[in-house]
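Here are some friendly notes to read alongside the model.

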Amino acid sequence: MGEKKEKEVAMEKSEEEGDWVMVKPKPNKKFGGKAIDFLEKMIVKLMYKKNIGPSHFLSGNFAPVDETPPCKDLPVKGYLPECLNGEFVRVGPNPKFAPVAGYHWFDGDGMIHGLHIKDGKATYVSRFVRTSRLKQEEFFGGAKFMKIGDLKGLFGLFSVYIYKLREKLKVLDTSYGHGTANTAMIYHHGKLLALHEGDKPYVVKVLEDGDLQTLGMLDYDKRLQHSFTAHPKVDPVTGEMFTFGYSQTPPYATYRVIFKDGVMQDPVPITIPASVMMHDFAITENYAIMMDLPLYFRPKEMVKNKQLAYSFDPTKKARFGVLPRYAKNESLIKWFELPNCFIFHNANAWEEGDDVVLITCRLQNPDLDAINGTEKEQQRDGFTNELYEMRFNMKNGLASQKKLSESAVDFPRVNENYTGRKQRYVYGTILNNIAKITGVVKFDLHAEPETGKTKLEVGGNVPGIFDLGPGRFGSEAIFVPRQPGTECEEDDGYLILFVHDENTRKSSVNVIDAKTMSAEPVAVVELPKRVPYGFHAFFVTEEQIQEQAKM
């Protein structure tokens, strides 16, 4: 039996075994499906404003690419340290089919780009996450599911009706959800998970040659009946995973604990006044921090004001709920208020005396419609993300905050051996546009920020910046420690990220010394294909690859 055939047989066997759910949707081309397609076509023709031009996020290096099977022995400039043996993965939106009308960057099908590293050699691969949504659109040969980019104005209302009609007439099978698995990845209980906050996790297996295979959906023995955040937290000491989901109907938020053995505990509904976008949260050794921030789901405003269904209310306070992390219900949650803001991503949190400390990227007046790329290229689309320290005093009930940086910085990462515990260094990406990352900045939380600055630059609490250079843009940088655990210095390790050069139209993976932040990369791996800009990344260690190989 040939190597290719053996691989196919192994993949088929993996799909049939395991504690995940096999995703086998049953879409139907009958029952009025063609009539709905015709109705949709007429509505698009009459109502959709095509004069706004093609989406910025379907062109240039945002444009989708095809899958790439493993490409071995890639050119490496420099060297790949031994601690990078494993697979660096980054997921992002990559629509397989052209949108019928609108498109938002959050809409694309999840595609994972992977760099498999073994003994200084590198292999590149890219694969779609085989979601129920993708499988059904492949069945029809075109886009059928509702998109965020369509949810604007009266046209958005009709888009919802079209989708509900397809669902009611069983043209689409929504029993497996409708998510794209395009946002983030995490490893827990021997499984690599691809995540989207409107769905359940998908299990992805890293094969021996670095290839990526979607095994199925994880529902924790049917205990998971709500959506699952794209940003769960794994405690490096206990091995437990903490997560939540948010909804457009009550309960608007639900908190969960998953033990080291993969058993999910009972849901803890969290009472908040209205449906909000809750993209991230945080944990400490004893608490979980939930965020009730005023980016509201308001479909009536969508139609009335011709805006997206989620809109920010600048008149409301930002609320943070600190909950004992093993709480059986919400009775012990303590709520704190801070000035109006929104947060996409937190860096870390810990306890310090009576204070619960949160390190986060805070921004004012977010406009999700701006992420459609309708603004000029050089603008930051109204986003001014800044690093902040927030403190919640569990004794006197007071909250405070302190600005730690200028804008714009986001996608903060730390040495994850310190998740939930006090640490010193934060690595963030520098944004000159909501999706254009120009470099990586290192923050020292033990140092004071310099006053009077108007931009991110070295000095004060910024010991180093790695600038990607003119016309070169990156994505989230992941910290990989030189040694596991907390035995070595916290910043002793490497940062690894995908980079695209818009001058040469070529992509690469850069490895940076996280301690020195030297302008000269430790390694640059030239890639055979263009890698579009995307969302979150993760590093799967060699040990984790061996563990999940048993699936």
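Predicted model: local features only at pLDDT ≥ 70, side-chain atom pairs only at ≥ 80, totals over all residues.

1. Ala 181 has a relative accessible area of 2%, so Ala 181 is buried. Its place is the loop that runs between helix H4 (153-168) and strand S6 (184-188). The backbone there deserves a look, as phi of Ala 181 is positive, near 55°, in a residue other than glycine.

2. Tyr 220 belongs to the loop between strand S9 (212-217) and strand S10 (233-234). Is Tyr 220 buried or exposed? Its relative accessibility is 7%, so it counts as buried.

3. Now for the whole chain. The secondary structure comprises six helices and 33 strands. For 551 residues, a compact globule would have a radius of gyration near 24 Å, and the 23 Å of this protein agrees with that. Along the principal axes, the C-alpha atoms fill a box of roughly 65 × 60 × 50 Å. Buried residues make up 58% of the 551. Among contacts with a separation of 6 or more, 63% are between residues 24 or more positions apart.

4. Next, the interior. In soluble globular proteins, nonpolar side chains tend to be buried together. Here the largest nonpolar core has 46 residues, of which Tyr 255, Ile 270, Phe 320 and Phe 392 touch the most other members. Apart from that core lies another, of 35 residues, including Val 129, Ala 184, Ile 186 and Leu 195. Beyond its neighbours within four places in sequence, Phe 320 has contacts that include Ile 289, Met 291, Trp 335, Phe 336, Leu 358 and Phe 392. Lys 334 is also one of the contacts of Phe 320.

5. Helix H3 (residues 132-140) has Ser 132, Arg 133, Leu 134, Gln 136, Glu 137 and Phe 140 as its buried residues. What do the buried residues of H3 pack against? They pack against strand S5 (121-128) and strand S8 (202-206). After H3 comes Gly 141, with a positive phi near 75°.

6. Two cis peptide bonds are worth checking by eye. One runs from Pro 250 to Pro 251, with omega near -10°, and Pro 251 sits in the loop between strand S11 (241-246) and strand S12 (253-258). Another joins Ser 407 and Ala 408, with omega about 5°. Ala 408 lies in the loop between strand S23 (399-403) and strand S24 (409-413).

7. Finally, a loop proline. Pro 81 is found between strand S2 (76-78) and strand S3 (86-93), and it counts as buried because its relative accessibility is 7%. Leaving aside neighbours within four places in sequence, Pro 81 is in contact with Tyr 494 and Val 522.

Technical notes:
Residues numbered from 1 in each chain as written. Heavy atoms only, no water. Helix = DSSP H or I, 4+ residues; strand = E, 2+ residues; numbered from the N terminus. Rg over C-alpha atoms; globule rule 2.2 N^0.38 Å. Buried < 20%, exposed > 50% of the residue type's maximum accessible area, 1.4 Å probe, protein only. Contact = heavy atoms within 4.5 Å. Core = buried A, V, L, I, M, F, W, Y, C linked by side-chain atoms within 4.5 Å.
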